Amino acid sequence: GLAYKRFAPASLSGSTLWSVIYVGGGTAVASVIDRTSSILGQATWLFFVAGAMVAVPTLIVRQFSGMRPVVATRDLAFYEDRRPAHRRAAFSPLIGDFQV
């Protein structure tokens, strides 16, 4: 295992870094939202409403029509073992029934 005197400083520095990023990020986002709302006033909500007017119908259509985003997958040939037969046989005792 890891000795406590090595773990404690790493844990402390990691926790400190995480909290600084978390609090700093939250402060930055709050500042941007506050500044945007002070500049645009009540019009800030129009951005949220416009986003919802686009997102909600899109999600509803996808849900009820069965449409799903296309996910690129690798061709089956990518997974085939391209080694010559004598090389594959040399490894078979090492990997047993493992299928590549």
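pLDDT is the predictor's confidence in each residue, on a scale from 0 to 100. The structure shown here is a predicted model, and the mean pLDDT of its chain is 80. Of the residues, 75% reach 70 or more. Among the elements of the chain, helix α1 has the highest mean pLDDT, at 92. The lowest, 58, belongs to helix α3, which covers residues 85–95.

**Overall layout**

The chain contains three helices and zero strands. Along the sequence, these elements follow the pattern α-α-α. Of the 100 residues, 1% count as buried, where buried means under 20% relative accessible area. The chain exposes about 9300 Å². Carbon and sulfur atoms supply 68% of that area.

Helix α1 runs over residues 4–40, which makes 37 residues. Just after α1, G41 takes a positive phi of about 65 degrees.

Helix α2 covers residues 44–65 and has 22 residues. From its first C-alpha to its last, α2 reaches 33 Å, close to the 32 Å expected at 1.5 Å a residue. A positive phi also occurs just after α2, at G66, with a value of about 85 degrees.

**Aromatic pairs**

With ring centres required to lie within 6.5 Å, the count comes to two aromatic pairs. Y4 and F7 form a tilted pair, 6.2 Å centre to centre with 45 degrees between the planes. Both residues lie in helix α1, three residues apart, about one turn of the helix. Y4 is exposed, because its relative accessible area is 64% and the exposed class begins over 50%. F7 has a relative accessible area of 40%, so this residue counts as partly exposed.

The rings of W18 and Y22 have their centres 4.9 Å apart and their planes at 10 degrees. Planes under 30 degrees apart count as stacked, so the W18 and Y22 pair falls in that class. W18 and Y22 also both lie in helix α1, four residues apart, about one turn of the helix. W18 counts as exposed at 56% relative accessibility, and Y22 is exposed with a relative accessible area of 56%.

The ring residues of the pairs have these accessibilities:

| Residue | Relative accessible area | Class |
|---|---|---|
| Y4 | 64% | exposed |
| F7 | 40% | partly exposed |
| W18 | 56% | exposed |
| Y22 | 56% | exposed |

Terms used: Residues are numbered from 1 along each chain as its sequence is written. This is a predicted model: local features need pLDDT of at least 70, side-chain atom pairs count only at pLDDT 80 or more; totals for chains, interfaces and linings use all residues. Side-chain values use heavy atoms; hydrogens and water are left out. Helices (H or I, at least four residues) and strands (E, at least two) are DSSP runs, numbered from the N terminus. Buried means under 20% relative accessible area, exposed over 50%, partly exposed in between (1.4 Å probe, protein chains only). Accessible areas come from the Shrake-Rupley method with a 1.4 Å probe; for residues, only the protein chains shown count as cover. The expected span of a helix is 1.5 Å times one less than its number of residues. Rings of Phe, Tyr and Trp (its six-membered ring) pair if their centres lie within 6.5 Å; planes under 30 degrees apart count as stacked, over 60 as edge-to-face and the rest as tilted.
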